[in-house]
Amino acid sequence: MLKIFRGFVLLLLSCMGVAHAADSGWLTAPQNDHARIRFQAEKSQGHLYGLLTVELQSGWKTYWRSPGEGGVAPEITWKNGEKAQWYWPVPSRFEISGLTTQGYHKKVVIPMIITGNPGDVLEGTLTLSTCSNVCLLTDYPLHLDFNQPVDSGFQDAFEQAMRAIPADSGISDDLSAHLVGSNLVLTGTTAGEWRDAQIYFDPLEGGIIPGDPQIKSRGETVVITTPVTDEWGEKPASLAGKTLSFVLTNHGKAQQTTLTVGADKTASTVPDTSPVNVGQMLLFALLGGLILNLMPCVLPVMGMKLNSVLHCGTDSARIRLRFLATSAGILTSFALLAAMITVLKLTGASLGWGIQFQNPWFIGLMVVVTFIFALNLFGAFEMLLPSSMTGRMATAGGNGLVGSFCEGVFATLLATPCSAPFLGTAVAFALAAPLGELWLIFMLLGLGMALPWLFVALIPKTAQLLPRPGRWMNTLKVILALMMLASSLWLATLLNQHLGNMLSSLVTLVLTVIALIAFIRTGKRTGAAFWLVVITLAAFGGYQIRGVVQDDDTAASTVESGQHIAWQPLSEEAITRALADGKRVFVDISADWCVTCKVNEHRVLNQPEIIAALNQPDVVALRGDWSKPSDLITAFLQKRHSYAIPFNQVYGPALTDGEILPPLLTQHTVLTALKNAKG
């Protein structure tokens with residue numbers, strides 16, 4: 001509103017026709033030679049505009065509209081009862097005799113709009129308080145005659161002064177305030193990050209004056225804590241429902257805000273903005289990358305590398321080169337991920353760990369690549385590929401340096417749907433951090449994932465601890481092929497969100513049939529292992545046939561009533577409504593491509609105790625599906641400084657700001673959070 005009004009004022013001035021200006025000239029007082037003032041006014045289009053300029057000697061200060069814990073704001077008493085609307089520039093904060101005050105030093109220009117009809121002469125008295133080691137209260141008589149000639153330039157000076165007035169937006173639309181103990185705590189977020197934030201409070205209703213604030217920020221979150229006392233120096237019983245007015249600044253911008261103070265809170269609900277230990281985040285990144293090697297997504301590639309080591313025998317040089325090539329592939333992939341996220345961050349696009357799996361073309365590419373790797377392990381290339389390509393694909397798939405490099409690349413790509421312990425924390429920090437720290441975190445993630453490979457490259461003799469080559473390698477090769485095929489078929493099921501259930505099932509069925517034929521054509525048709533694989537693939541193919549002919553409604557009808565959670569769509573409004581009704585809220589954000597989400601779902605969320613707890617009358621279960629791009633879910637996560645899934649959060653009467661749960665859920669964690677939320 002202030003921005004609109006300011007623009008209206010400037011428009012009126014720019015359209016000014018005949019104007020009558022008056023100027024008091026520079027005024028001083030005999031008892032105060034530390035300050036001088038000047039008042040200018042101009043009548044135009046039925047409006048009267050005023051401009052007060054105060055210049056102070058070094059070490060002297062005057063006051064803002066709300067002086068703080070001491071001082072008196074400037075005031076003009078008009079002779080004929082005129083009224084003035086003052087527009088205050090951003091003040092500064094300083095201490096005088098142990099009191100925190102708000103005001104100006106050196107020079108300040110204050111524009112105002114005056115109502116009334118003074119005629120040809122405007123008269124009044126300015127009362128100005130100026131302070132250094134002592135304070136002086138000085139009166140300056142104002143006499144402005146609109147019939148006297150004055151210097152031009154008032155319009156430019158007034159426009160410049162109005163541009164310095166704080167706007168009513170531009171810094172944050174997400175601000176809230178609560179009484180926490182004896183402190184008023186204001187929290188908020190901004191687009192980008194907070195830099196050199198400052199705040200200047202007006203008194204609250206009842207003469208409650210905020211004291212010297214402590215401002216802590218991290219990334220896009222700021223927490224401002226200031227003591228509050230009433231006019232008797234006592235802590236207020238409550239601030240809920242009171243109107244709070246303040247000016248907030250951030251990196252050279254200023255915003256005037258008025259809001260209603262929310263319900264009183266406890267200290268545990270205040271966001272943590274303590275400085276992040278970058279060294280700790282680097283350690284988390286290293287550990288998170290290392291643990292990625294144990295994720296089910298990566299194990300097939302680990303097995304392929306094991307197979308290639310066995311073929312190298314005791315040739316230390318070949319082993320070292322192979323593992324160095326794989327490490328290079330891992331580090332290159334993480335560098336490419338960092339570059340991709342850098343571009344997304346600079347263009348303002350959505351950020352998140354594993355979001356490439358929201359793209360059907362990427363999923364399709366990964367299906368093809370992993371399927372080719374699986375058939376390569378089955379030894380089926382000669383049946384599927386032209387002879388000119390067979391050699392190159394076989395080499396790239398497993399036996400050359402290029403193949404080892406590709407193994408590192410695909411191990412990384414297959415790892416991105418997994419949110420390992422430590423990884424989510426490191427990624428969240430990286431995505432909210434400056435670009436330099438983002439790259440450092442991602443390269444440490446790559447180094448952590450490459451550590452086992454680098455260890456073998458450094459000490460090739462460790463590879464000799466493996467059993468000697470023999471017939472068991474053929475069985476291992478089949479197992480590795482099945483693991484890689486399982487990865488390919490799982491990736492094919494992710495196309496369900498993009499192609500629909502029938503087409504996705506058809507693709508998976510075709511891949512299963514091709515793999516079954518390839519295995520029968522190339523495998524030895526004797527032994528229990530052969531028939532076990534054939535029966536398994538045939539059974540899975542039959543299962544997919546059912547998926548082709550059965551629609552989603554039929555599948556959904558198989559869920560027994562009362563044996564599932566009554567999920568509702570995720571939204572901020574749903575959380576607000578539930579809290580207003582005194583209910584608890586459980587938030588779950590997952591995706592089909594998120595392996596950790598599926599682990600949580602089967603191990604925790606599908607258990608009878610959790611289903612019963614989330615179906616209680618006072619519990620609202622909200623679910624967001626991030627399988628495909630969603631601006632709503634992206635904004636929801638970013639507001640909570642999270643960029644990876646699974647994401648779970650619990651709200652309630654005792655947890656109005658919500659408690660974020662760890663990535664790997666346990667039944668105890670969920671039930672305890674729900675109990676604490678009830679209060």
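Modeller: A crossing is left-handed if the near helix is turned anticlockwise from the far one by less than a right angle, and right-handed if clockwise. By that rule, α3 passes α11 in a right-handed crossing. This is a predicted model, in which local features need pLDDT of at least 70, side-chain atom pairs count only at pLDDT 80 or more, and totals for chains, interfaces and linings use all residues. Residues are numbered from 1 along each chain as its sequence is written, and side-chain values use heavy atoms, with hydrogens and water left out.

Now the pair itself. Helix α3 covers residues 278–292, and helix α11 covers residues 435–458. They pack at about 40°, with axes 6 Å apart. (Axes are lines fitted to C-alpha atoms over the stretch in contact; angles run from 0 to 180 degrees between N-to-C directions.)

Which residues of α3 meet α11? They are Val278, Met281, Leu282, Ala285, Leu286, Gly288, Gly289, Leu290 and Leu292. On α11, they meet Glu437, Leu440, Ile441, Leu444, Leu445, Leu447, Gly448, Met449, Leu451 and Pro452. Contact means heavy atoms within 4.5 Å. By class, this contact has 15 nonpolar, 3 polar and 1 charged residues. Gly counts as polar here.

Now the chain. It has 21 helices and 24 strands, taken as DSSP runs of at least four residues (H or I) and at least two (E). Buried residues (under 20% relative accessible area, 1.4 Å probe) make up 47% of its 679 residues. Of the contacts with a separation of 6 or more, 72% join residues 24 or more positions apart.

Definitions and conventions
Buried means under 20% relative accessible area, exposed over 50%, partly exposed in between (1.4 Å probe, protein chains only).
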